[in-house]
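Subject: Structure handover

Hi,

Here is the structure I promised to pass on. Please open it alongside this email.

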Amino acid sequence: MNDSPFQVLVVDDEAAVRELTIRALDRAGFECSPAINGEQALKMLEMKDYDAVVTDLRMPNLHGHALAVDLLARENRPLIYVVTGIVQPKLAKDLLSRGVDDIFFKPVDHAMLAVKIAARLESQPNRLVAAK
Amino acid sequence: MPAASNTLENSPIRILLIEDDAAQARLIEHLISRSPRPFEVEWVDSLSLALERIADGGLDVVVVDLGLPDSQGIETFDAVRAADAFLPAVVMTGTDCEDLATEAVRRGAQDYIVKGHHSGATIARALRYAVERQRLEEQLRQSQKMEAVGALAGGVAHEFNNLLQAIIGYTRYAMEGLPVHDVRHRDLTKALDAADRAAGLTRQLLNFSRHDGPMKRETSVAKLVRDVADLVAPLLGDLWRLEIELPSDGVTLNADAGMLQQSLMNLCINARDAMPDGGTVTIESREVTLTVLGCSKMVGVTPGEYVVLSVGDTGCGIPAELQERILEPFVTTKEPGKGTGLGLALVYSIATQHGGHLQIDSVEGVGSTFTIYLPKCDQATTENENANGANELPVDAMLTVEASASLADQLLLTQPQ
């Protein structure tokens, strides 16, 4: 256990939505980094570990679904939260059955999103992100 | 006309016969007079009279001789076509002018008859099929339009959700720290309410355009209807009565129960709204067998075992001109803010996504019944049967090769997934 803030990577191609999500999560005590698409997110994940990834689905340069599938295959993976504007039950079911931690449909109540992520992370005995 | 069934099976087919040769006209009339389904023949001997008569409406099909005193050749057909593009036309020609007749078919004629070469039964069949084919083509256009609107709506809705997310999120931040009595707080609350409504509308649009299809599982029809009745009952005040008629508990469908529930709810709410002074809403479900004839009026529907779910009202009925457009998205008779015009469009879309059909029966002053036909077989069988059925149905109905091939191709393209 360490007391450094939880690290969250926020992936969305829409600047306003990205900024809103980060603002809400910052306020809940997370430390957030932005990525504008899946490709950039993967690069950032190579540089550093994150406790959670919050990703949009429909984005240019690597769809959120592909990003989620890539992360799910990793041994010590961050929590994965999908935030989407497309309501597709089959896609949602597919992602959840693959192991994605939760799905939110836009417009999202960011305060609720922050509460859920915090609750999950705080209940995890071992943090992925090493103490600095 | 999308699915309106105001053409009764045994009502006469009204024909306008455009022919300058009186003997020929009498011969045609005589030949088809013994057809089991009656024809009502009106005869005019010139193009100008024909155009006047077509403008008055009420016709099911025209039979036109291309050589008239006031018009010759393909121009005759073009003029008739221009007068009413949705009125099926059958061209009449001599043995030496079959090229001309084929040209007319290329330009939209449903069929052609070569003078002196057909029996009464053949001509009667050509006329009946011309009427039916025209109806199927119109249904096809309708479903293509729905598909296009759906794709458009889906694309826009995704962008819209991003914008709404920004509007709602930033408005919430702007409200923070403002006292509740502050007029700015009240204004922003109204902005939030409006954004929430827009979000609801976007959700409906996305439902409508959902392209991942239904999530089918075995569903008890009786339970489905009972669940809907439980949900609808509280929405009906003292003025309305709810009657339900159920099949036995063993009747099941391979279907998306949530989608069907949504469909029946939409239909029940429409039924209530069609009877502002009260009346009876009837939800009925039963098993039916559709024959080739029974399903020939529905695009993408093949003969077989079906479960029908219908919702009836004792309201004012739907005027014929509205029936033609009522399934289109955004067509509503409700006051602004009360209806989006997406409810019926969604029901239609759900029915076709299940390989079924939505039929509207409405009599002004008596009431309306909306019937959803759902195939009983599982999805895999449905697809196969549809593929075969689409070939069988129109080919059987065709006399000309060009028309049959193109319509069959189009029907295959619109098979439900």
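Below is what came out of it, by topic.

First, a caution: this is a predicted model.

**Chain B overall**

Chain B has 417 residues, and 36% of them are buried. Its secondary structure comes to 13 helices and 12 strands. Contacts across the sequence are well represented. Take the contacts in chain B between residues at least 6 apart in sequence: 72% of these join residues at least 24 apart.

**Where the chains touch**

Chain A gives 16 residues to the contact and chain B gives 15. On the chain A side, α1 (15–27) and α4 (89–98) are the elements that supply two or more residues. That side of chain A holds 9 nonpolar, 3 polar and 4 charged residues.

**A helix pair in chain B**

Look at α5 (residues 120–175) and α11 (residues 343–353) of chain B. They pack at an angle of about 105°, with axes 12 Å apart. An angle from 65 to 115 degrees counts as roughly perpendicular, so α5(B) is roughly perpendicular to α11(B). From α5(B), the contact uses Ser143(B), Met146(B) and Gly150(B); from α11(B), it uses Ala345(B), Tyr348(B), Ser349(B) and Thr352(B). By class, that is 3 nonpolar and 4 polar residues, with no charged ones.

**A helix pair in chain A**

Here the helices are α2 (residues 38–47) and α3 (residues 64–72) of chain A. Their packing angle is about 25°, and their axes lie 9 Å apart. Angles under 35 degrees count as roughly parallel, so α2(A) is roughly parallel to α3(A). Gly38(A), Ala41(A) and Leu42(A) of α2(A) meet Gly64(A), Ala66(A), Leu67(A) and Asp70(A) of α3(A). The contact of α2(A) with α3(A) divides into 4 nonpolar, 2 polar and 1 charged.

**Backbone points in chain A**

Two residues in the loop between β3 (52–55) and α3 of chain A deserve a look. Asn61(A) lies in that loop. Asn61(A) is not a glycine, yet its phi is positive, at about 50°. Is Asn61(A) buried or exposed? Asn61(A) has 12 other C-beta atoms within 10 Å, so it is exposed.

Leu62(A) also sits in the loop between β3 and α3. Its phi is positive too, at about 80°, and Leu62(A) is not a glycine either. Leu62(A) counts as partly exposed because it has 18 C-beta neighbours inside 10 Å.

Last, a cis peptide bond. It runs from Lys106(A) to Pro107(A), with omega near -5°. Pro107(A) is in the loop between β5 (102–105) and α5 (110–123) of chain A.

Best wishes

Note on methods. Residues are numbered from 1 along each chain as its sequence is written. Chains are lettered from A and ligands numbered from 1 in the order in which they are written. This is a predicted model: local features need pLDDT of at least 70, side-chain atom pairs count only at pLDDT 80 or more; totals for chains, interfaces and linings use all residues. Two residues are in contact if their C-beta atoms, placed from the backbone, lie within 7 Å. Helices (H or I, at least four residues) and strands (E, at least two) are DSSP runs, numbered from the N terminus. Ala, Val, Leu, Ile, Met, Phe, Trp, Tyr, Cys and Pro count as nonpolar, Asp, Glu, Lys and Arg as charged, and the others, Gly among them, as polar. Axes are lines fitted to C-alpha atoms, for helices over the stretch in contact, and angles run from 0 to 180 degrees between N-to-C directions. Angles under 35 degrees count as roughly parallel, over 145 as roughly antiparallel, 65 to 115 as roughly perpendicular and the rest as oblique. A residue is buried if 20 or more other C-beta atoms lie within 10 Å of its own, exposed if 12 or fewer, and partly exposed in between; C-beta atoms are placed from the backbone.
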